[in-house]
Amino acid sequence: MAAGKNGARYRISAAPAIVVAQLLSVAAIVLMLVWILRFRGGLSLKSNDLRRLLNAHHFFMLLGPIICVGQVLLSCGGLAIMAFKTIPGRRRVRKLVHMFLNLVGLVLGVLGFFAIFTFLKKEGTILDLDSLHSWVGFGTMCLYAIQFLLGFTFFLFPGATLMMRAIMKPWHFFFGLVIFILAIISSATGIVRRFSLIGLHRGSETLVLNFTGIAIILYGITVILSVILP
């Protein structure tokens with residue numbers, strides 16, 4: 001169904017969904033910082049405190065694959081994708097902004113990976129692949145890197161023919177949305193796993209972490225809503 005028809009069916013434009021998504025992204029970041037700084041001792045990529053390394057992993061993975069980056073050229077999920085509806089200018093300018101924000105998200109995701117691998121190395125354990133979070137998170141980042149490289153090659157440099165771009169465009173959209181959804185799932189399963197690792201049950205820290213997860217999930221929902229609205 002075309003975007004215009006979707007808009008007529010839902011009787012709403014994408015603008016409210018984009019605004020709500022922006023607010024939820026800020027809420028998720030603030031709640032994550034409150035949890036890390038107030039209850040978990042801060043974050044660092046160089047500290048010998050393993051807690052701070054693990055906190056850095058959570059924070060950078062939130063900022064990267066979820067908050068900073070959208071995946072799909074003409075859809076609306078995440079800040080990078082929202083650039084196509086919120087940033088004025090020529091199409092090529094918007095495309096460069098899209099690529100830049102995706103690159104920032106990829107770099108932040110790599111930093112998140114660096115933090116968790118450093119954590120595992122200092123802890124003296126091997127890569128943890130016995131949890132759903134590990135499998136989904138690792139797969140998401142691999143798909144994201146491939147998606148970025150293919151998007152850069154087809155749409156920017158060296159650039160494909162118009163026919164090849166037309167063929168690639170819907171698949172770029174589809175896999176971008178899949179990657180975004182997987183990032184939300186990975187974040188939710190990561191929060192559940194952190195709950196089990198630190199043995200949280202009740203209290204203010206539990207509430208903060210729960211509300212962080214809820215903000216992330218609601219952010220994902222509003223982003224997907226913006227995809228189907230004009």
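1. Secondary structure. The chain of this predicted model contains eight helices and zero strands. Followed along the sequence, its pattern reads α-α-α-α-α-α-α-α. The chain comprises 230 residues, of which 47% count as buried.

2. Packing of helix 2 with helix 8. Two packed helices are described by the angle between their axes and the distance between the axes. For helix 2 (residues 14-39) and helix 8, the angle is about 155 degrees and the axes are 8 Å apart. Helix 2 is therefore roughly antiparallel to helix 8, given that angles over 145 degrees are classed in this way. The contact of helix 2 with helix 8 is made up of 21 nonpolar residues, five polar residues and one charged residue.

3. The end of helix 8. Helix 8 spans residues 204-228, and isoleucine 228 belongs to it. The relative accessible area of isoleucine 228 is 28%, so this residue is partly exposed. Along the chain, isoleucine 228 and serine 13 are 215 residues apart, yet a separation of 9.4 Å is computed between their C-alpha atoms.

4. Packing of helix 6 with helix 7. Helix 6 covers residues 132-155 and helix 7 covers residues 162-198; their axes come within 8 Å and cross at roughly 155 degrees. Helix 6 and helix 7 are therefore roughly antiparallel to each other. The crossing in which helix 6 passes helix 7 is left-handed. Sorted by class, the residues in the contact of helix 6 with helix 7 are 14 nonpolar, 10 polar and three charged.

5. Aromatic pairs. The structure has seven aromatic pairs. One of them joins phenylalanine 113 and phenylalanine 117: the ring centres lie 5.8 Å apart and the planes stand at 70 degrees, so this pair is edge-to-face. The cut-off behind that assignment is an angle over 60 degrees between the planes.

6. Are phenylalanine 113 and phenylalanine 117 buried or partly exposed? Phenylalanine 113 has a relative accessible area of 18% and is therefore buried, whereas phenylalanine 117 has a relative accessible area of 36% and is therefore partly exposed. The limit for a buried residue is under 20%. Ring pairs also bring in Phe138, so that Phe113, Phe117 and Phe138 are linked into a cluster. 

7. A charge over a ring. Which residue lies over the face of phenylalanine 39? Arginine 38 does, and its distance from the ring centre is 5.0 Å.

Definitions and conventions
Residues are numbered from 1 along each chain as its sequence is written. This is a predicted model: local features need pLDDT of at least 70, side-chain atom pairs count only at pLDDT 80 or more; totals for chains, interfaces and linings use all residues. Side-chain values use heavy atoms; hydrogens and water are left out. Axes are lines fitted to C-alpha atoms, for helices over the stretch in contact, and angles run from 0 to 180 degrees between N-to-C directions. Helices (H or I, at least four residues) and strands (E, at least two) are DSSP runs, numbered from the N terminus. Angles under 35 degrees count as roughly parallel, over 145 as roughly antiparallel, 65 to 115 as roughly perpendicular and the rest as oblique. A crossing is left-handed if the near helix is turned anticlockwise from the far one by less than a right angle, and right-handed if clockwise. Ala, Val, Leu, Ile, Met, Phe, Trp, Tyr, Cys and Pro count as nonpolar, Asp, Glu, Lys and Arg as charged, and the others, Gly among them, as polar. Rings of Phe, Tyr and Trp (its six-membered ring) pair if their centres lie within 6.5 Å; planes under 30 degrees apart count as stacked, over 60 as edge-to-face and the rest as tilted. Buried means under 20% relative accessible area, exposed over 50%, partly exposed in between (1.4 Å probe, protein chains only). A charge sits over a ring if NZ of Lys or CZ of Arg is within 6 Å of the ring centre and within 35 degrees of the ring normal.
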